[in-house]
Amino acid sequence: MDLKAFYDQHGAEVDAAVARVLSSGWYILGKEVEAFEAAFASELDLGTAAGVGNGTDALMLALRGLGVGPGDRVATVSHTAVATVAAVELIGAVPIFVDIDPIFFTLSPQSLARCVESVDGIKAVVAVHLYGQPADMAGILDVCRPRGIWVVEDCAQAHGARIGATTVGGIGDSASFSFYPTKNLGAFGDGGAVSARNPSVIETVRCLRQYGWRERYISDVPGYNSRLDELQASILNVKLGYLAEGNKRRRAIAARYQTGLSGLNLVLPQEAPGTTHVYHQYVVRHPERDRIAAELRSVGIGTNIHYPVPVHLQPAYRGRLAADPDGLLATEAAAREVLSLPMYPELEDKAVDRVIEAVRSVV
Ligand SMILES: Cc1ncc(COP(=O)(O)O)c(C=O)c1O
């Protein structure tokens, strides 16, 4: 993707926001952060939100805000950014790996049901809305609600995605967002947010994000340092105004790919009924994924693999964490076959058509 494209189009607005912060003399957790928290929560109908340092911290704090902590078991997927699993371990909790749905790439409620039967005392589930596709929240809540298991949404790749009329992040008990520059809503540095409908969850997060302080210099609980800075918040305040338009353009690019790539021996992404996918990534599947990626590279088209090795098979995690007793077959198959094609709002139709033409000739 071209990370500078947004600045090329909207540089004057960004420069004005940055200048306002630089001349204000206040650089961390101030008016820009407060304004962003309110606008973000209101625009996406998330209840209350708190800005934090990055998406990994956001997930860690979304769990801590619900009282999940050391020794607690947290079920989540292995087909995700490693950050999802790292966040669980950062609070001393123990990840349990759940398989994914083979079509939508998100957490499988059937696999989750097997995990809660085979592993005692799962306290929370982290559902990742991967690639911008909402996870099956109804299926996940059906498993979790009767058992009193918390449901946390990892929305790092899905700002503005919806199930029916409800935006993701507003469905579970708490949610985390990343504003890493490549995200659908990205800062020009690191940033993240936690949201929850219950304001007391966010009150806890606000306390934990700054040393456990409720009152300055007095730590009520042992906390962290994970603050959103004013410069990033001021840029996010500008970029939030373009989120809906950016997501709309991503969906238009996906529709163009969908038409242009139909009829090939290539599995195209599907949208779960009733959901609004926001195409953080446009991910196709093919058994010869590596050959296709290499041939596209040779004609100047960059692709990526999200993700080449599932978390449970990576050296840091291999063999030491429990998983669905039936195995993680859909996860392992996806890792062998997925390929992400170019996708960002500023990508022009003629570039999309060039990708389509090249993919058609190599597949
Ligand atoms: C699904 C998912 N969760 C969590 C994160 C972590 O976000 P960050 O890189 O801002 O810590 C990311 C981003 O890489 C992600 O894609």
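Is Ala156 buried or exposed?

**Before you start**

This is a predicted model, in which local features need pLDDT of at least 70, side-chain atom pairs count only at pLDDT 80 or more, and totals for chains, interfaces and linings use all residues. Residues are numbered from 1 along each chain as its sequence is written, and side-chain values use heavy atoms, with hydrogens and water left out.

**Stop 1: Ala156**

Ala156 is buried, with a relative accessible area of 14% (buried means under 20% relative accessible area, exposed over 50%, partly exposed in between, with a 1.4 Å probe and protein chains only). You will find Ala156 in the loop between strand E5 (150-154) and strand E6 (162-163). Helices (H or I, at least four residues) and strands (E, at least two) are DSSP runs, numbered from the N terminus. Now show the contacts of Ala156: leaving out residues up to four places away in sequence, Ala156 touches Ser176, Phe177, Ser178 and Lys183 (contact means heavy atoms within 4.5 Å).

**Stop 2**

Across the boundary, 47 residues of domain 1 are in contact with 39 residues of domain 2.

**Stop 2: Lys239**

Next, pick Lys239, which lies in helix H8 (residues 230-240). Lys239 is buried, with a relative accessible area of 12%. Apart from neighbours within four places in sequence, Lys239 is in contact with Phe6, Leu185, Gly186 and Phe188. Lys239 and Phe6 are 233 residues apart in sequence, yet 8.8 Å apart in space, C-alpha to C-alpha.

**Stop 3: the largest pocket**

Which residues are the closest to the centre of the largest pocket? The pocket has a volume of about 590 Å³. Of its 34 lining residues, the closest to the centre are Thr182, Lys183, His280, Gln281 and His306. On a 1 Å grid over the protein atoms alone, a pocket is an open set of points with protein on both sides within 12 Å along at least five of seven lines, a cavity is a set where a 1.4 Å probe fits but cannot get out, and lining residues have an atom within 4 Å of a point. Select helix H3 (55-64), which supplies the largest share of the pocket lining, 3 residues. The lining divides into 13 nonpolar, 16 polar and 5 charged residues, and draws at least three residues from each of domain 1 and domain 2.

**Stop 4: the cavity**

The structure holds 1 cavity of 30 Å³ or more, and the largest cavity has a volume of about 60 Å³. Residues to select from its lining include Phe104, Tyr131, Pro269 and Gln281. No charged residues are found in this lining, which divides into 6 nonpolar and 4 polar.

**Stop 5: the nonpolar cores**

Finally, select Leu63, Leu112 and Ile140, which touch the most other members of the largest nonpolar core, a set of 54 residues. A nonpolar core is a set of buried Ala, Val, Leu, Ile, Met, Phe, Trp, Tyr and Cys residues joined through side-chain atoms within 4.5 Å. A second, separate core of 25 residues includes Tyr257, Leu261, Ala293 and Val359.

Methods:
Points joined across faces, edges and corners; volume = space filled by probe spheres on them. Nonpolar A, V, L, I, M, F, W, Y, C, P; charged D, E, K, R; others polar. Domains from an automatic or database assignment.
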